[in-house]
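Work through these exercises on aromatic rings. Try each task before reading its solution.

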Amino acid sequence: MVGVALKQVKKSYGNHEVLHGIDLNIDPGEFIVFVGPSGCGKSTLLRVIAGLEEMTSGELRIGGRLMNDVPPAKRGIAMVFQSYALYPHMTVYDNMAFSMKIAREKKAKIDARVRQAAEILQLTPYLNRLPKALSGGQRQRVAIGRAIVRNSEVFLFDEPLSNLDAALRVATRIEVAKLKESLPDTTMIYVTHDQVEAMTLADRIVVLKDGCIEQVGTPEELYREPTNLFVAQFIGSPAMNLLAARIEETGPKTLIAYANGTRMQVPVLTPASAKGAAVDIGVRPEELRITEGEHIFEGVVDYAEYLGEVQLVYFKTEDEAHPFIAKLPGNVHVERGARLKLGADAESLHVFDVEGRAFRGLDGAGSEEAERASVAATILEK
Amino acid sequence: MVSTETAAPVKETSIWTAVSKAFLWSFLICLGIVVVYPLLWMAMNGFKNNVQIFGDPFALPTHWSWQNYVRAWNQGVRDYVVVSVLVTVASAICTVMISAWTAFGLTRSKLPGKPIVLIVVLGGLMLSPTVALIPLVKMFQALGLYNTFWALIILYTAFRVPFTTFLIRAYMLDLPSELDEAATMDGASEGQRFWRIILPMCRPIIASCIILHVLFSWNEYIFAMVFTSGTDMTTLPVGLTAIMAKHGTDYSVVFAAMTISALPIVIIFFATQRYFIRGLAEGIGK
């Protein structure tokens, strides 16, 4: 089992820096997913690890060994490409055997390894076919098989499911998850822009934006305790709603006042210096409920998307590009044009300062950090 | 009522479609006749004698005798065909290999100064063989290559490399770079990437380039006439003029010799035309 460590990895194209000093430790046997919007540098980072792009500065270690100047084939890694990158003139067997043939392995060994990989991926009946005679899902399995045959300790996946249709994507995603289970010693690094893939597959997710890491954590950590506004809005679908508010009282429980006059105590730790500060309150659509009592949002239903079990209800806001969305039960009748009041539990709310950084609850912060913040908040208040 | 109103335009459209199709077919048939008939006429006259050729030039032969073809074959055409085949095959292999390697370097390697190399290679397209003739003769004489097969092989290769590189490069530009990256990850060297991945994938354009080269070198006249002199070094186009000079009045032998010389090209073209069109279209069109 080998881990991957990146230290201050930078990558520039001419004067344009696309990776701004990435520090990341990937544990041996871990399934880590790089996620982020287009152009955030996730594929570039993967290609730097693969050796297909040279880093401008920094250190890359695989299994503790410095890999900066080691050619891709000798890094002990295998890569599955977005477009499969199968050799179209070779059969499935030859595609999978190619790396071993190049390494001049014995025929019997090649045959055994290819057939074993084909068995795992249920490709045995297709070994003599050309890639053009396979479906998209089968081609992707061949691409994965090619990686398995190389017997590498690190697998890299570059958006491997993005060329598949929705149904096949789900099926192949499950296959990738099973593959990880069957190869527990293999470290897997997976790039995607699809957060469902990220959430379902990853042991840990790395959220990237503009060539910087925004947050690293388990899927649940990212969902429950985003460290900033970008992560909060990127993880979760539909995205987290934001409401303008002001801090009235600080401390281990913060009293906030919404623009509509509602006051609410939120279990979030804020320093005394934050008193009176404008903040953004984040609330996930699935945490909202219709209420007649204390509410945090009141609005007119613009339209509703019925999805069966649930429905997505869009409310008109001043900013037309960002409607307020509530995920309500499917059995609630919602009429277009109706005026509704929405409430949410204080525990489900996230508070972000003007720079987009999250104030953390005492549970969310690390114990040492929480204690320090609590003491600091108390001292400041006194 | 409604149905007749909707049916009328459909009927009109189908009439116009039929008429335009008929015109198209007539045009293509005429074009086919214009191209094929001279070849058939030439082949047919190879079966006649002089009296029949001049008496009724467009009639079918009265009896089908291979005598003229045999005579033409024995009176030099055999040797010319051998020389032509040798020069054509050797120069085609050299041209395609050099061009494919060059195109690979220009499209799929981290070669510094690629645009300059590209300009130099494609600049060769503008070089006229006629202008370069005298310096080339001097050079080949100095190198001891004058009146050798090598003279023609080198010249045909040198003058076809720019255009062939241009075609193969256009095709290679369309091949996804992920294939190279996948091969690199699999441990393939640059040479292995070329021989085992990229070159096999370029088969359609390679076939097109070979056909184009065969058409050129099989029919090439000026270099063949200037750079070779002995009968054992004569290619078909030069040999045919010699036959015409020798059998100037025996047209049936001349027609038979011309038919024999044209036959391989016609066969190659018809056998590989699908490849030929696909290769050219895929390379440049996308």
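**Exercise 1.** In this predicted model, is A:F324 buried or exposed?

Solution. Take the relative accessible area of A:F324: 3%. Buried means under 20%. So A:F324 is buried. Now take A:F297, at 10% relative accessibility. A:F297 also counts as buried, because 10% is under 20%.

**Exercise 2.** Classify the pair of A:F297 and A:F324, and find where its two residues sit.

Solution. Start with the total: 26 aromatic pairs over all chains. In this pair, the centres are 3.8 Å apart and the planes make 10 degrees. Planes under 30 degrees apart count as stacked. The pair is therefore stacked. Next, locate the residues. A:F297 is in strand β16 of chain A, and A:F324 is in strand β18 of chain A. They are 27 residues apart, so the pair links distant parts of the chain.

**Exercise 3.** Classify the pair of B:W41 and B:F58, and say which parts of chain B the pair ties together.

Solution. The distance is 6.4 Å centre to centre, and the angle between the planes is 40 degrees. The pair is tilted. B:W41 lies in helix α1 of chain B, while B:F58 lies in the loop between α2 and α3, so the pair ties together parts 17 residues apart in sequence. Check accessibility last. B:W41 has 25% and is partly exposed. B:F58 has 61% and is exposed.

**Exercise 4.** Which residue lies over the face of A:Y223?

Solution. Look above the ring: A:R284 lies there, at 4.3 Å from the ring centre. Likewise, A:R146 lies over the face of A:Y87, at 4.9 Å from the ring centre.

Terms used: Residues numbered from 1 in each chain as written. Chains lettered and ligands numbered in written order. Predicted model: local features only at pLDDT ≥ 70, side-chain atom pairs only at ≥ 80, totals over all residues. Heavy atoms only, no water. Phe/Tyr/Trp six-rings, centres within 6.5 Å; stacked < 30°, edge-to-face > 60°. Helix = DSSP H or I, 4+ residues; strand = E, 2+ residues; numbered from the N terminus. Buried < 20%, exposed > 50% of the residue type's maximum accessible area, 1.4 Å probe, protein only. Lys NZ or Arg CZ within 6 Å of the ring centre and 35° of its normal.
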